[in-house]
Amino acid sequence: MELPMTLQAALAEQLDSAQQAEVLSAAGEVSRRYRAREKESFQIRNRAEALAYALARMPATYGAVCRALRYSLEGLGGLTQAPLSLLDVGAGTGAAAWAAAGLAELSSVTCLEYADEMRKLGESLMRGEGSPLKQAEWSRLELVSQPIGKRADLVVASYVVNEIREEDRGKVLAKLWEATGKLLLLVEPGTPEGFRVLKEARSRLLESGAHVLAPCPQEGPCPLPDGDWCHFVCRIQRTRLHKLAKEGEAPFEDEKFSYLAVSREEGNLCGARVLRHPYRGKGYVRLELCSKEGLKQRTVSKREGTLYKAAKKAVCGDLF
């Protein structure tokens, strides 16, 4: 998976107008603060840092939201037949909006972001030649203290809830759910902490009347044992600029993410979710599944024909 060519071109154009050495230096500092999880002090302080963040993090965020949103839309039946309004909350530089634009017809797009430099850069990227998001509206929002003030069919908050102080998360989730017309998608790091935050959000949202669409095939308690966590992986192809920002030569990186999708109406919860990378033996495939009945292991042999072909193609995160 890789960024749309129009977005890659827009990022390259932004870098041409900046001092490359300054941006690469900023990338190292932003990465250090991000890894250190300096939540209280992590702020993008200038344009160079905003561009460094976009180069380093937009591909992974785009890929994770793409994968999570595709799985989420599977349970919505005919919803994707009509244009959707989108609200990208905590938009950063707009990666989630770009992901949504590639999967659904969008009637309107609103991006809400507190950091001025991130918001300015995100808006500039969407105004580039060939962009499907030229009409997107950008506004400043401090999510904890201010009301969202808008509503949309699809609300996405990617890598946002985990950054909110624990005592404020309930209030933030209530705001996100209130703004949701049809589907709310939360995406977080695929870590034990990211999963814990989503597990708590799942309980709160179910109590508020939400219905789970993905990844869970049921709305009961999570069947995973203590110490385990639900997460998936998206492989991201690195561009030349991405390699520069990450100071590495690897042609790809794997983004581990967790997600939760809930809707106003009951979705089509069918099948089971593949939880681990399938084991492919000689003439059989063994799958670790989360189903309506709980965790189970399923071995599909070559004798099962069509089902065996589907099992061979399955990847972690797919419905089976």
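This is a predicted model: local features need pLDDT of at least 70, side-chain atom pairs count only at pLDDT 80 or more; totals for chains, interfaces and linings use all residues.

**Overall**

I started with the surface: the protein chain has an accessible surface of about 15,100 Å², and carbon and sulfur atoms own 48% of that. I then checked burial, and 52% of the 320 residues in the protein chain come out buried.

**Strand β1**

Next I went to β1, residues 84–89. How many of its six residues are buried? I got six of six, so I read β1 as mostly covered by the buried cut-off, under 20% relative accessible area.

β1 and β2 run parallel, joined by six bridges. I picked out Val89, whose bridge partner in β2 is Leu112. I followed the chain from β1 through α4 to β2, and this β-α-β crossover is right-handed. β4 (residues 152–158) also runs parallel to β1, with three bridges between them. There I found Leu87 standing opposite Val155 of β4.

**Helix α5**

I moved on to α5, residues 116–126. Which of its residues are buried? My list reads Met118, Arg119, Leu121, Gly122, Leu125 and Met126. I looked down the axis of α5: these buried residues fall within an arc of 170°, so they line one face of the helix. I also wanted to know what lies over them, and the cover includes α1 (5–16), α3 (47–73), α4 (95–101), β2 (106–112) and β3 (137–139).

Arg119 got a second look. Arg119 is buried at 15% relative accessible area, and it makes a salt bridge with Asp116, closest N and O atoms 2.8 Å apart. Asp116 is partly exposed, at 35% relative accessibility. Both residues lie in α5, three residues apart, about one turn of the helix.

I count 13 salt bridges in the structure. The one I went for next is Glu255 with Arg57, at 3.2 Å, N to O. Glu255 is in β8 (residues 252–263) and Arg57 is in α3, so the pair ties together parts that are 198 residues apart in sequence. Are these two buried or exposed? Glu255 has a relative accessible area of 8% and is buried; Arg57 counts as buried too, at 11%.

I then checked Arg298 and Glu304, where the closest N and O atoms are 3.0 Å apart. Arg298 is partly exposed at 30% relative accessible area, and Glu304 is partly exposed at 31%. I also noted a network: salt bridges that share partners join Glu166, Glu193, Arg196 and Glu200.

**Glu137**

I looked at Glu137, which is in β3. Glu137 is partly exposed, with a relative accessible area of 45%. What does Glu137 touch, leaving out residues up to four places away in sequence? I found Val109, Thr110, Cys111 and Lys150. For Cys111 I wrote down the spacing: Glu137 is 26 residues from it in sequence and 6.2 Å in space, C-alpha to C-alpha.

Last, I went through the backbone. Background first: most residues other than glycine have a negative phi, and most peptide bonds are trans. I flagged the bond from Ala214 to Pro215, which is cis, with omega near 0°. Pro215 is in the loop between β6 (211–214) and β7 (232–237). I also flagged Tyr159, a residue other than glycine with a positive phi, near 55°. Tyr159 belongs to the loop between β4 and α6 (169–178). At 12% relative accessibility, Tyr159 goes into my buried column.

Technical notes. Residues are numbered from 1 along each chain as its sequence is written. Side-chain values use heavy atoms; hydrogens and water are left out. Buried means under 20% relative accessible area, exposed over 50%, partly exposed in between (1.4 Å probe, protein chains only). Helices (H or I, at least four residues) and strands (E, at least two) are DSSP runs, numbered from the N terminus. The arc is that of the directions from the helix axis to the C-beta atoms. Contact means heavy atoms within 4.5 Å. A salt bridge is a side-chain nitrogen of Lys or Arg within 4 Å of a carboxyl oxygen of Asp or Glu. Accessible areas come from the Shrake-Rupley method with a 1.4 Å probe; for residues, only the protein chains shown count as cover. Two strands pair if DSSP finds at least two bridges between them. A crossover is right-handed if, with the strands pointing away from the viewer, the path from the first strand over the helix to the second runs clockwise.
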